[in-house]
Amino acid sequence: MSSAFASSRTSGSEIVKELAFFAVIALLMSVMILGVETVDRPTGLELAVRWDLVLIAIGSTVIGRLALIVRREGISRLAQAILITLAAVCVFEMFVRFREMDDRWAPPVVLDMAFGSVSSMIVTLCFLAIVFAIAYFSMKEKSAAEVDESTKLSSKIQVAYRSNTKKIGLIGIIFFIIFPFLFGENRSAIDLATLVMIYIMLGWGLNIVVGLAGLLDLGYVAFYAVGAYSYALLSQNFDLSFWLCLPLAGIFAASFGIVLGFPVLRLRGDYLAIVTLGFGEIIRVVLINWYDLTGGPDGISSIERPSFFGLAEFSRRVPEGSIGFGDLMGIEYSSMHRLIFLYYLILALALVTNFVTMRLRKLPIGRAWEALREDEIACRSLGINPTNTKLSAFAIGAMFGGFAGAFFATRQGFISPESFTFLESAVILAIVVMGGMGSQIGVVLAAVVMIGFPEMFRELAEYRMLIFGAGMVAIMLWRPRGLLSFRDPTILLNMSKKEKVAGEAK
Amino acid sequence: MDWAYFLQQLINGLTLGAIYGLIAIGYTMVYGIIGMINFAHGEIYMIGAFHSLITFLICQAAGISGILPLTLLLMLFVSMILTSIYGWGVERVAYRPLRGSFRLAALISAIGMSIFLQNFVQISQGARVKPMQPLIEGGITLMRSPNFDVQLSYMQIIIILLTFVLMVVFSTLIAKTSLGRAQRACEQDRTMAGLLGVNVDRTISTTFVMGAALASVAGMMVTLYYGVIDFYIGFLAGVKAFTAAVLGGIGSLPGAMLGGLLIGLIEAFWSGYLTIEYKDVATFGILVLVLIFRPWGLLGKPEVEKV
């Protein structure tokens, strides 16, 4: 294998050998998991053979490998693009065929789907065109001139991005503020935007811990859960309003952060990761089993919705002694008011998170975080107390998680331990890392990509998480440091921002 | 104190611990050699369980399930071979391109791979729990007490024996063969090992293959022991096995086994004497305590921080 990679031209027999090797691998990987389905019958498990899936899996692997060989040898970009597109179609056909099919001899389902109607034909053509274009322009071995060209381009983009960060941020904020006016009547659009916003806020909160302080936290969802449950319990047991509970939820989450962080923050990277993961699981197990307090797996339902800053209610039937939002504003009642209000609420919370982070970065504590991330030993020798510094990052990150949790509880009106699984932690961490650690705008971008797109493709239901996982791998392979990966200290000595940008672009 | 009850919990704990230990070896070897948490390893174990279940069903359909030893051997070897190819493939696709890159990138890639594999099996095999009839029944009654008989089932004997044999084989493999020597060399210094003629890529691939093979054995044992599997069993087992690896001292093979046994025992005794609901809390609680007082694990070596 290694010799094949080293030589510039591979002989025909070597290519055949390589293809055969991958065909065998594909056969062995798919022969049972894909090729045989276990079917539940009253008499026990039975087998259903799906040989067509195995054939397609082998076919797409061989075609894909051939495309890689063509690319490696630099034979023809057109052939490379055609082969990759063909492989993509095969994979697609395979996943379509997962669905119940009685006839294993059935002709390709993709053809039916693609040419069934005009609209599906357009969608298919667009899909093919995108895959084709990506395949055509993806080059592994670049000539020196092309490398030069592309680095020049990317450094130009970098300079443009860095010197305009503020403007980009401002445009983003304005877009999110006017968003409800653009899609005011579209319920699902507002819901989706609110969901994305929750993840942006969580991402920004975790960014303090992971991006700035460099502490790998795999259990961030624990603080989110603490915030959500503290609001739900306080509001149900003590009848406190959302506006009183919001800061309390933050305080509770932060204290949990301190209690957890105090013993474990001395640990290094991966150990910290696994302990935080364990802590996240502990919280979830406790939530499931402490039936008297949390309602166990049933969760807590009919959680109180927030009022308009205690001035007015959003419900149609306004309780005695208070007034409706519509009456207060002198407009007709609409169920959208609450949704839009919730959207603005989470937007405000997220912006507060962002603002606080940006300011903290410039304070001594923020600089200590970044210094600690780069070199702990140097920090210690300079008199920074690592434990306290890490603890503060942990607590502040946890606090924002708690705020987001309280918001989540009040928005859903129902919470259960199922919302706080490890998968959530992984998604939030993925948003931070994919955004480019420490980059605030990157988090927004990653949240839109990771949460927004999959939600739009709800029809794909069961394939959604599959594509999500594959996408995570693909983005990491494509840009290991994240989508916007320009991590540098917030403040440098004796250097204006412009000089710094110009200096690094060279 | 009821000794019979104690003994029974001990047996159950050791059985469970052997299974965790086998999975933990995969974590510890990979961590030792490339310093990353192979998050998809729990999923590999789950795929191993599915492979052995399907092999059994094929044997049943072919009518040879009556010959028990043959069926068991087929399950063992088919599952080991097919699952280790998954281990190889995961490394090739998701980790190798990221080697030497940013550390968190590999972790995120691993988490993505784990989500992918889990959903892949869910789609292709269905989300329902897969039941399987017990193949090996019966056992030895070790002790009779007034209210309780201590049972050591044949299945438990097989699990503990097989684990022991595999441990001996793999320890010898690492200690005596040239492959093991290459692995240990890569663990110490990959660049230097490469310069001295060790094929680093191949060694790392082999590590993944070995880890996956052991995990698939664990998967087969769980299929036979509990008789139910589903696509989601990989996550919790994976996390616990990683905990075991850390507990024993990550990078150390006997440590992983010891950690696995301890985790199994803690779980069994906790659910036997205290509450069954909070057994996971106990596991993680112990992990936190160990990490605070002995961060390098029970059998690991303390890491010297260099400037």
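**Close-up views of a predicted model**

**View 1. Chain B meets chain A.** In this predicted model, 54 residues of chain B are in contact with 46 residues of chain A. Several elements of chain B each supply at least two residues of the side that touches chain A. They are the helices α2 (41-62), α3 (68-95), α4 (103-125), α9 (233-248) and α11 (279-293), together with the strand β1 (130-131). The largest share comes from α4(B), with 15 residues. Sorted by class, this side of chain B has 39 nonpolar, ten polar and five charged residues.

**View 2. The largest nonpolar core.** This core has 218 residues. Those with the most contacts inside it are A:M201, A:A430 and A:I431. Two parts of chain A, domain 1 (2-141) and domain 2 (155-505), each give the core at least three residues.

**View 3. The surroundings of A:M201.** Residues up to four places away in sequence are not counted here.

View 4. Which residues of α11(B) are buried? They are B:D280, B:T283, B:F284, B:L287, B:V290 and B:L291. Seen down the axis of α11(B), these buried residues fall within an arc of 120°, so they line one face of the helix. The face turned away from the buried side carries the exposed residues B:L289 and B:F293.

How values were computed:
Residues are numbered from 1 along each chain as its sequence is written. Chains are lettered from A and ligands numbered from 1 in the order in which they are written. This is a predicted model: local features need pLDDT of at least 70, side-chain atom pairs count only at pLDDT 80 or more; totals for chains, interfaces and linings use all residues. Two residues are in contact if their C-beta atoms, placed from the backbone, lie within 7 Å. Helices (H or I, at least four residues) and strands (E, at least two) are DSSP runs, numbered from the N terminus. Ala, Val, Leu, Ile, Met, Phe, Trp, Tyr, Cys and Pro count as nonpolar, Asp, Glu, Lys and Arg as charged, and the others, Gly among them, as polar. A nonpolar core is a set of buried Ala, Val, Leu, Ile, Met, Phe, Trp, Tyr and Cys residues joined through C-beta atoms within 7 Å. A residue is buried if 20 or more other C-beta atoms lie within 10 Å of its own, exposed if 12 or fewer, and partly exposed in between; C-beta atoms are placed from the backbone. Domain bounds come from an automatic or database domain assignment. The arc is that of the directions from the helix axis to the C-beta atoms.
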